[in-house]
Amino acid sequence: MAMSVFRREGRRLLPSISPRPIAAVRSAAPISSPEDDAPLGVRFASTQAVRNRMKSVKNIQKITKAMKMVAASKLRAVESRAVNSRGLWQPFTALLGDMPSVDVKKSVVVTLSSDKGLCGGINSTSVKVSKGLYKLSSGPEKEVKYVVVGEKAKAQLIRDSKQHIDLSITDVQKNPLNYTQVSVLADEILKNVEFDALRIVFNKFHSVMSFLPTVSTILSPEMVEKEAEAGGKLGELDSYEIEGGETKGEILQNLAEFQFSCVMFNAVLENACSEMGARMSAMDSSSRNAGDMLDRLTLSYTRTRQASITTELIEIISGASALEEKH
């Protein structure tokens, strides 16, 4: 009884099965495209991707504009102090001179850089000048070492000159720069390195758009006395009268330490100004590039949207025409 009922139900269901083979049904199925897989309410997946990209570029542009404004405010605060600090080391240059080509056995290259990036090629310039000084100062029976101030110069020099780095100092600009802070930094360098000549590499601030890589040379007291005995500009030291019980060597020691701290103070401020100016220029360029990219993306989005609307209109008109022909 049960089998007869099953056969009767089977004959009733047979006509509802398509006579076409399975392979034919698979080949006739339409191939899905990204446009068909688009979420509900979105015309094309490509327009959604372009909109997301436009949103990202707008956010980046806001960040770069904000960073430019922050750099401009910091530059105004540091620029006047950098200009005033030039009066500290200029008397030393008039008294002791600046001899970058002096031939010594122990040289130390002090490279100043920033702790943060996004400021163009300012740090790379300092590193290139430092490497050039290293090559010029190297030779038989000569010793050259690096003292690195700033995270960015450290990251570049540590790749191929790690064994030549005597001292590395970072986070100098974490607090507002003042002479006390820089004098402690200079004292730390003098305690940890032995030198006949210190060559400080920094970027001297000229304007927001330009900075000049600069090298200042500080001689040790022994080298100052030796150069003074040899004559030249340093020979004029003997024409000055020395008051007090200090010897000439002690006075030269104090002069060298004070000269180094003053030059370092000016160099750190000049480098900070150059960094802020370079960051302003870099962020301004980034903002303009983001605006150009946004214009291109807007044009692409508009074209894609217009193409999708045109395609839909053609489909509607074609469907209406087909219905009219049937009627």
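I began with Tyr 179 and listed what touches it beyond its neighbours within four places in sequence: Phe 258, Ser 261, Cys 262 and Phe 265 are in contact with Tyr 179. I note here that the model is a predicted one. Tyr 179 itself sits in helix α6. I also took one C-alpha to C-alpha distance, from Tyr 179 to Asn 266, and got 9.2 Å for two residues that are 87 apart in sequence.

**Overall layout**

I stepped back to look at the whole protein. I counted eight helices and five strands. Along the sequence they come in the pattern α-α-α-β-α-β-α-β-α-β-β-α-α. The protein has 327 residues, and 35% of them count as buried. I then looked at contacts with a separation of 6 or more, and 75% of these are between residues 24 or more positions apart.

**Aromatic pairs**

How many aromatic pairs does a search of the whole structure find? I found two. Tyr 134 and Tyr 146 make a stacked pair, with 5.3 Å centre to centre and 15 degrees between the planes. Tyr 134 belongs to helix α4 (residues 122-137) and Tyr 146 to strand β2 (residues 143-149), so this pair ties together parts that lie 12 residues apart in sequence. I checked burial for both: Tyr 134 counts as buried at 18% relative accessibility, and Tyr 146 is buried with a relative accessible area of 1%.

The other pair brought me back to my starting residue. Tyr 179 and Phe 265 form an edge-to-face pair, 5.7 Å centre to centre with 90 degrees between the planes. This pair links distant parts of the chain, as Tyr 179 is in helix α6 (residues 179-192) and Phe 265 in helix α8 (residues 248-326), 86 residues apart. Are its members buried or exposed? Tyr 179 counts as partly exposed, at 30% relative accessibility. Phe 265 counts as buried, at 9%.

**Helix α6**

I went along α6 next. The helix has 14 residues and reaches 20 Å from its first C-alpha to its last, close to the 20 Å expected at 1.5 Å a residue. At the N-terminal end I found a cap: a side-chain oxygen of Asn 178 lies 3.3 Å from the backbone nitrogen of Thr 180.

Which residues of α6 are buried? I noted Val 182, Leu 185, Ala 186 and Ile 189. They cover an arc of only 100 degrees around the axis, which puts them on the same side of α6. An α-helix has 3.6 residues a turn, so residues three or four places apart point the same way. The face turned away from the buried side carries the exposed residues Thr 180, Val 184 and Lys 191. I looked for what covers the buried residues of α6 and found β2, β3 and α8 among the elements that do.

**Cores**

I then looked for nonpolar cores. The largest has 37 residues, and those with the most contacts inside it are Val 110, Leu 112, Ile 189, Ile 200, Phe 260 and Met 264. The elements giving two or more residues to this core are α3 (45-96), β1, β2, β3 (165-169), α6, β4 (197-205) and α8. Helix α8 provides the largest share, 11 residues. I picked Val 110 and listed its contacts beyond four places in sequence: Val 147, Val 149, Leu 198, Arg 199, Ile 200, Val 201 and Met 264. A second, separate core has 11 residues, including Val 144, Tyr 146, Val 148 and Leu 157.

I looked up Thr 111, which lies in strand β1 (residues 106-112). Thr 111 is buried, with a relative accessible area of 0%. Leaving out neighbours within four places in sequence, Thr 111 is in contact with Ser 126, Ser 130, Tyr 146, Val 147, Val 148, Val 149, Ala 153, Leu 157 and Val 201.

My last entry is Ser 281, placed in helix α8. Its relative accessible area is 18%, and Ser 281 counts as buried because the cut-off is under 20%. With neighbours within four places again left aside, Ser 281 is in contact with Val 208 and Met 209.

Terms used
Residues are numbered from 1 along each chain as its sequence is written. This is a predicted model: local features need pLDDT of at least 70, side-chain atom pairs count only at pLDDT 80 or more; totals for chains, interfaces and linings use all residues. Side-chain values use heavy atoms; hydrogens and water are left out. Helices (H or I, at least four residues) and strands (E, at least two) are DSSP runs, numbered from the N terminus. Buried means under 20% relative accessible area, exposed over 50%, partly exposed in between (1.4 Å probe, protein chains only). Contact means heavy atoms within 4.5 Å. Rings of Phe, Tyr and Trp (its six-membered ring) pair if their centres lie within 6.5 Å; planes under 30 degrees apart count as stacked, over 60 as edge-to-face and the rest as tilted. A nonpolar core is a set of buried Ala, Val, Leu, Ile, Met, Phe, Trp, Tyr and Cys residues joined through side-chain atoms within 4.5 Å. The expected span of a helix is 1.5 Å times one less than its number of residues. The arc is that of the directions from the helix axis to the C-beta atoms. A polar contact is a pair of N or O atoms within 3.5 Å; within protein, one must be able to donate a hydrogen and the other to accept it, and residues adjacent in sequence count only if both atoms are side-chain atoms.
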